[in-house]
Structures are given as C-alpha cells and as structure tokens.
There are 2 protein chains.
Amino acid sequence: MKFGLGLAAQHRPDDDQAARFREHLEQVRLARAVGFSTIWASQHFLAQPFTYFQPIPTLGRVAAEAEGMTLGTGIILLPLFQPLDVAEQMATLDVITGGRTILGVGLGYRDEENTALGVDPKSRVGRLTEGVEIIERLWMGEPVTYEGRHYTLRDVRTSLRPVQRPRPRIWLAANTDAGVKRAAKLGDAWLMNPHSTLASIERQLALFHETRRALGRPRATDIPLIKECVVAEDAATALAEARPFLEAKYKAYQQWNQDDALPKGETFDLPFEELARDRFIVGDPARAVDEIARYRERLRITELSFRVQWPGMPQATVLRTIRLLGEKVLPKLR
Amino acid sequence: MKFGLGLAAQHRPDDDQAARFREHLEQVRLARAVGFSTIWASQHFLAQPFTYFQPIPTLGRVAAEAEGMTLGTGIILLPLFQPLDVAEQMATLDVITGGRTILGVGLGYRDEENTALGVDPKSRVGRLTEGVEIIERLWMGEPVTYEGRHYTLRDVRTSLRPVQRPRPRIWLAANTDAGVKRAAKLGDAWLMNPHSTLASIERQLALFHETRRALGRPRATDIPLIKECVVAEDAATALAEARPFLEAKYKAYQQWNQDDALPKGETFDLPFEELARDRFIVGDPARAVDEIARYRERLRITELSFRVQWPGMPQATVLRTIRLLGEKVLPKLR
C-alpha cells in the first residue's frame, strides 16, 4: 500500500501566506523522509473564508523537495479550463518531475467558481467528459480533430508531450453514482472521496467495477482513497485536536452546498462522533492501522492519501501526524 | 541596471525534455550566482517544430533555485485565459516567491493557439484590455463587478491575494504603435521587444512616454528591454555560434507570421549581418558593454533581459554567455 499526502493549501487570509507555504514544503520533506509516495494538491477559486493556493505552481515548487515522489492534482476542476491548457501545463509538470504525475480531475460543485470563470454550471459534465477525451488524445501525440459541444479542435497536435508513456494516469473524483459510472468509463481510476462513509464507498466501488466490466474495460489497477486523518500517541489527544477543525470544515462544506453532491442518503448534518465514524481516521497509531486495514480489506485500496491539516492547525500537529503515519502506521501495512 | 535571464524553454521534441529542464535549473543557479536579478519564462502553445514548457509550473519549480530573485512571465498570452485564473495562479507564485513576481502579458499573434483554445483571434485586444483591468482589481482585494464584452464578474472577491502590496507590477509586451499606446494606458511598463531595431524602439518609447503624459499617468519607473545575446571571449566565436541559431529562429518567426506584427517598415527578411545590427548583442564582453551602454544612453533602460539560448544550442555555450554577462559585463554597467 502507498501513502499520499494531500496538501491542505488553504489558510486564513490574514495569515502570513508565504510562511504557510514554507510549512507545506517542510511537510513534503518529512513525508518523503518517512516513506510517503505521493503529494497531492487540490483546487478551488474564490475559496472564502480561506485562501487556497493554486495547484499547478504549488506542485511546480513542491517538485524541488519531492525527488522520486509522484505529484498529483487531487483535483483540478477540469470544466473550468480549455483541455489544451491543462494538457500542456500537466505535460510540463510531468517533464519537471521526470515522469511522475497523476492528473486527478473533478466537476466542482460551486456555482460561484463556474460563473466567475465564465462557465455555465449546467455544462460541467459535458465539459469534463470532452476535456478528458481531448487531453488523453493530445497526450498520445497524435493530431486531434474533435467536434464537441463545448470544445472544437481541428488537426491540433501538441509537441509538448508528457514524459510518461503512453501517458500519465487520469483519475476522476466523484461523489454521486452517476459520477462513479463516469469515472469507470473515462478514467483510469475513481479517486474515492473522503466525505462518504465506508458503506457508501463500498457500494459505489462495486458499481465502479461493474460498470467497467460491462463496458469491456480492464479492471482498474489503482484503487485510491482519500481520508481526513489526525494521529497522536494517544487517542484522546488526536480526537481533541481533530474535532474543532473537522467540525468547522464540514460546516463550511454545508455552506458551500457540498453535501448536495453526496451519495443519496448521506448528510454532514450530524453530531461529530457520528460524522467521524467510518469517515475520518482519528486516533493513536494502532487505531489508524486497524482502520486502514479495514478499508484495505473491504475496498482493496492500493493508495491512501491523507488530509492532515485544516486552516489554523499548528504545524507541529501536522508534522506529528505525518511522522506517526510514516513511522508507526505504514510499516504495519506494507 | 538589472540583468534578467529569459529561459529559452523550447526544445526539439525528440530531445530528452527532463534533461533540458534540469539544464534550465543549472542556468538559473549560475545566473543567480553571477548577479542576475530576474528570471523570465514565456509562453506558447502548440509550439511546433519545438516543445515549449508552460511558464507557470516552470517558474514554480525555478523558484526553488532563485531565492531572492524576481520571477516574471515574459510573457503570458493573456487573451487565452480567464482573468481570475491568471490572478490566482500568479498570486500563488507571488506567495511562493515571497512577493517577487512580475506579470508580463501580451496579445499573441498565432491564430493556431487562439482557435485551439477557443478564442476568436479578433477578440484578442478586447480580452487583453479587460483582462488587465480585472486582474488589477482582483489583486487589490476589493469585490469586483465588471460588465465587459468578454468577461463578466458580479461581486467577485478573491481571498488569495499576492504578497506584494499594493500588487505585483503588470508589464505589457507590444510590437506595434497601437500596442505601445495600450501598454502606456494599461500597464506599469512596456516590455520592449527583442525583434525591433534600436531606432524603432527609440521612436516607440517616446510614444509610450508621451501617451502616459497625455493620460496624466506617472512616468514609468521600469524601462525593461529584452535582447538576444551570445557573448564569448572573442567576437568571432560569438558570431559563429550565434548565427545558425538566430537565423533559424527568425526564419521560424517568419513562418509564424510574427513579422506581420512588427512596427511599420521592419522585416526579418534580411541578411544575417543586417538582421543582427542594432538588434542582437553578439560579441566579446567589451562589445556587449558598449552595446548595452548605448541602449541605456538612448533608452534609459532600467532592466535588460537576455535570451541566450535557442533549440539545440549546447548547455556549455549557454552557461558561458551567462557567466561572461555576470562577471565581465554587468560590473561595468552598475
């Protein structure tokens, strides 16, 4: 099993942003030193009440600290961009990393972002679908002619290809059943979301595998999961430290209407203990090992990416979780 | 006077792109060590017959080697993007560098790029103008409502501001008189192009200053010029090394119809000696000092950025030019 670190590149606007960025670099160096394989950066625009560093320049800078690691966008809001733009930006990042990138993409769910970037929210699914198809073909290096509803290319061929052959992997994030089926059809993997409970994910992962089988596509070799995580030497400390940040975050999600995008029957409007159950990994190292082993047994995950930080959490706490995951959890799961 | 290095991030597609990228990092480290102040990365899509690394991830990675230096896009093809996208990407880069970025923007001139990215070439001027206005307002941190022909924003406020206050400088590249007047109106500086002769630039710089005066804008404090440059210990070596690469490059420009965008009366269809005169800096260090002193005297330039590499030029030649510029040319001009 591989471990990944999702950079929590969002901060309070009145904070020292450059200092926070340097802390992310320190997190990356530690994660690499204790055996993590992947660094992820995600994307939002207009991320009030927090800032949110854009993933492409962030991963460019991170690459200097992440020799030998894989860098992934987890995720880019693909409908907001021209496919050729994303194809060449990510190809550049693939060159920078010597061929160690994963393109994770998602629909997004905030109308505010879409409209401010000139995209009709209703067109998101179409733009995501066409975008993935076009990027894949551009990366293969062939001349692309494409007459879509949203994008038109005539005999377009990019000379700037990724280093990886045939191309970097494309992983699709999805919350709903329709999104999971889309991931099965279009992507190399379904990037399983951290918001749903184990029961929901288990059901949807079966749907993912079935959909691929029905389409005659090969079984996905990557089964990646993202989890919110705080690990301390003792469980009570982990819980006390995690609770205020995760409560605040999931309240913010509700304000962003993120829970409208959840699988049917799920909600974030729960007491913390219920919200955490089968959803977050919070506890001592032994508890984290047990939880992860359970996810692995039930889902056959190949990679687990951790979000270990929320705006305002002290760097020492973040580094401790990373260190304990690498030193006391990962060795028990290899 | 400050010296800048423009990364020639274009290479033959069958070359080892990751190795070429590492060479750029070596160039940056040397430039920093010998006293250069700024690193520039420019932009093209579909840059056949060469590859072309995208500037945002490139500068993100370069930042790790460029502590204390300023990083600039020289240029981004602004009409191809949503202003909010550029505002937040560059704000992130400004955070990464601790507040040391310059946003250089230009119109672009290749229909192939515009159409492949869904932009009507006829809308470029309008999109550039609106884009600069919107980015400037977003960076100031105020809620932006903007009803343009190309972009519409309603009460949009980004929490991810650049570190620099009030905002990073915005420099406009321009070739034509109309473009120079636009730079005077919209920009903090005119990024003077390397293609025109000294006489043309001198005339247009007067137009730039006059236009600002007429508009009641303050005199520009930055007068930046870009030059193609090869320096060797002896002039004959510099000329012999520069000639094949610069000849090939300016032939490629003609194929891209770049010379249609030149000031009136200029053409690239010239024998090499004429093309080089008053246009390139090619020679021994003494010759380079004389040439630069002449540009400084006639134009009052504050910053000179050098392009010292073209596809296929050996890294040793590139490094030698950087070293001689820093060690034998810059000290005579301070």
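This passage describes the overall form of a predicted two-chain model, the contact between its chains and selected local features.

In this predicted model, local features require a pLDDT of at least 70 and side-chain atom pairs count only at pLDDT 80 or more, while totals for chains, interfaces and linings use all residues. Residues are numbered from 1 along each chain as its sequence is written, and chains are lettered from A, with ligands numbered from 1, in the order in which they are written.

Chain A contains 11 helices and 11 strands; helices (H or I, at least four residues) and strands (E, at least two) are DSSP runs numbered from the N terminus. Along the principal axes, the C-alpha atoms of chain A occupy a box of roughly 60 × 40 × 40 Å. The radius of gyration of chain A is 19 Å, which agrees with the value near 20 Å that a compact globule of 334 residues would have. This radius is taken over C-alpha atoms, and the globule rule is 2.2 Å times the number of residues to the power 0.38. Of the 334 residues in chain A, 53% are buried. A residue is classed as buried if 20 or more other C-beta atoms lie within 10 Å of its own, as exposed if 12 or fewer do, and as partly exposed in between, with C-beta atoms placed from the backbone. Among the contacts of chain A with a separation of 6 or more, 74% join residues 24 or more positions apart; two residues are in contact if their C-beta atoms, placed from the backbone, lie within 7 Å.

Two copies of a chain are related by a rotation about an axis and a shift along it.

The contact between the chains takes 40 residues from chain A and 40 residues from chain B. On the side of chain A that touches chain B, the elements giving two or more residues are helix H1 (17-33), helix H2 (55-62), helix H3 (83-96) and strand S6 (152-156). H3(A) gives the most to this side, with eight residues. The residues on this side of chain A divide into 24 nonpolar, 13 polar and three charged. In this division, Ala, Val, Leu, Ile, Met, Phe, Trp, Tyr, Cys and Pro count as nonpolar, Asp, Glu, Lys and Arg as charged, and the others, Gly among them, as polar. Because 100% of the interface residues of chain A are also interface residues in chain B, the copies meet through the same surface.

Within chain B, helix H10 (residues 285-299) and helix H11 (residues 315-329) pack at an angle of about 70°, with their axes 10 Å apart. The axes are lines fitted to C-alpha atoms, for helices over the stretch in contact, and angles run from 0 to 180 degrees between N-to-C directions. H10(B) and H11(B) are therefore roughly perpendicular to each other, a term applied to angles of 65 to 115 degrees, whereas those under 35 count as roughly parallel, those over 145 as roughly antiparallel and the rest as oblique. From H10(B), Pro285(B), Ala288(B), Val289(B) and Ile292(B) meet Leu324(B), Leu325(B), Lys328(B) and Val329(B) of H11(B). The residues of this contact of H10(B) with H11(B) comprise seven nonpolar, no polar and one charged. Also in H11 of chain B lies Arg320(B), which counts as buried with 20 C-beta neighbours inside 10 Å.

Helix H6 (residues 177-186) of chain B includes the buried residues Gly179(B), Val180(B), Lys181(B), Arg182(B), Ala183(B) and Ala184(B). The buried residues of H6(B) pack against helix H5 (124-139), strand S7 (169-174), strand S8 (189-192) and helix H7 (198-215) of chain B.

Several features of the backbone were also identified. A cis peptide bond with omega of about 5° joins Gln48(A) and Pro49(A), and Pro49(A) lies in the loop between strand S2 (38-41) and H2 of chain A. The peptide bond from Gly74(B) to Ile75(B) is also cis, with omega near 20°; Ile75(B) belongs to strand S3 (residues 70-77) of chain B. Arg300(A), a residue other than glycine, has a positive phi near 60°. Arg300(A) is situated in the loop between helix H10 (285-299) and strand S11 (303-307) of chain A and is exposed, with 10 other C-beta atoms within 10 Å.
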